[in-house]
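Welcome! Please take a moment with the sequence and the model below, and then we can walk through a few places together.

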Amino acid sequence: MPKIVNSWNDFDPLKHAIVGRADMSVIPPEEPATSEKVPVDSEMRGMWGPRPTETVEKANAQLDNYVKVLEKHGVKVDRPTPLQWNQEIKTPDFRTESGMTQMPPRDILLTIGNEIIASANSFRCRYFEYLAYWPLMNEYFENDPEFKWTQAPRPRLTDKSYKHNYYDEKISLEERLERTANKDFVTTEVEPMWDAADVMRMGKDLFIQHGLTTNRKAMEWFKRYYPDLRVHSVNFPGDPYPIHIDATFVPLRPGLIINNPHRPLPVEQRKIFEANDWQIVEAAKPAHDNPPPLCYSSVWLSMNCLVLDHKTVIVEESEVYQAEQMDKLGMNVIPVPFRDAYAFGGGLHCATADVYREGSMEDYFPNQVEDPTRV
């Protein structure tokens, strides 16, 4: 029987991936976790309900085109099964009026070697999002005898999981940045909570962003679950809304990372990279001053690219500055239109989850130094 699942990083040759769909997507109601994600001045504050049909159709058209581009470049693509998210979610511990989407598999599924783990998300509206991928996981399980199908411990998401009144509309940007620098986030440490999009996989090392969606207890869980891997906690004090690492710190190939210049990795956290001759380059500026309508994400989705191999990268077609930089860094750039899909959960990398990349677990950081990021 064939080996279906294998991936240790985000840059070895991609051969099989999952790409999301926009069907049935909902703007979720405010809840303790989501209210921290929406900037005070955003048109999204207080808004919820099914996303307009026209926007769903436009997003799906770009997602379908994305699939064709990937297939043209030799990548097998699977798609999730959309669920009707416009219905109440209720558990013994909480209730919320709706789910969200199955556009960004990157948030939900984390592939490490021959294992795919469904995440322990802090958003109540995403509690059952893994079900959209259940048919694919079952298919891989039946056809790949080495595939390990795993669910991280499900968080209860009671009121104890969040700091209440954390978000004050009167708080200034400077005060918010101070909180971020002090690692003071809305999530508490009563249980492990994490989004897969906060985890940067680098072979023997996992670099996990501590922010609004992933807590320290999750990193301790990773440390115990993967005793043969090294787990690192990174944070980016320049980000007032630290959610997901893919618009902040993006590896392109062994030895090269682009870093959001507004959210630089702190000096002391760079030691492990410098000791192993990794180059950290400031990412090019975005081509847009504002995100598309009804979009939570920042303009730095310009960085949210999909690396197909060590020399090939897919970049959103209007992000001309990022494409130019990739070219100068020795990457062959494939431009793909994707801004109509941004509002449904993020950029090109967000819309995918790895199933198979060539390669095995490598040690990219053999020179161990005194490392403040180590969990």
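This is a predicted model: local features need pLDDT of at least 70, side-chain atom pairs count only at pLDDT 80 or more; totals for chains, interfaces and linings use all residues.

Let us begin with backbone angles. Most residues other than glycine have a negative phi. To find H244, look in the loop that runs between β12 (230–234) and β13 (249–253). Is H244 buried or exposed? Its relative accessible area is 12%, and because buried means under 20%, H244 counts as buried.

L294 is another residue to look at: it is not a glycine, yet its phi is positive, at about 60°. You will find L294 in the loop between β15 (279–282) and β16 (306–309). With a relative accessibility of 17%, L294 is buried.

L294 also leads us to the next stop, as it is one of the residues lining the second largest pocket. This pocket has a volume of about 160 Å³. Among the other lining residues are P292 and P293, along with R51, K58, R339 and D340. Which classes of residue make up the lining? There are five nonpolar, four charged and one polar.

Finally, turn to the surface. There, L131, W134, F141 and W149 form a nonpolar patch, and together they have about 380 Å² of accessible area. L131 sits in the loop between β8 (115–118) and α3 (134–143). Its relative accessibility is 31%, so L131 counts as partly exposed, whereas L294 is buried.

Key: Residues are numbered from 1 along each chain as its sequence is written. Side-chain values use heavy atoms; hydrogens and water are left out. Helices (H or I, at least four residues) and strands (E, at least two) are DSSP runs, numbered from the N terminus. Buried means under 20% relative accessible area, exposed over 50%, partly exposed in between (1.4 Å probe, protein chains only). On a 1 Å grid over the protein atoms alone, a cavity is a set of points where a 1.4 Å probe fits but cannot get out, and a pocket is an open set with protein on both sides within 12 Å along at least five of seven lines; lining residues have an atom within 4 Å of a point. Grid points are joined across faces, edges and corners, and a volume is the space filled by probe spheres set on the points. Ala, Val, Leu, Ile, Met, Phe, Trp, Tyr, Cys and Pro count as nonpolar, Asp, Glu, Lys and Arg as charged, and the others, Gly among them, as polar. Patches are made of residues with over 30% relative accessible area and no salt bridge: like charges are joined within 9 Å, nonpolar side chains (Val, Leu, Ile, Met, Phe, Trp, Tyr) within 5 Å. Accessible areas come from the Shrake-Rupley method with a 1.4 Å probe; for residues, only the protein chains shown count as cover. A salt bridge is a side-chain nitrogen of Lys or Arg within 4 Å of a carboxyl oxygen of Asp or Glu.
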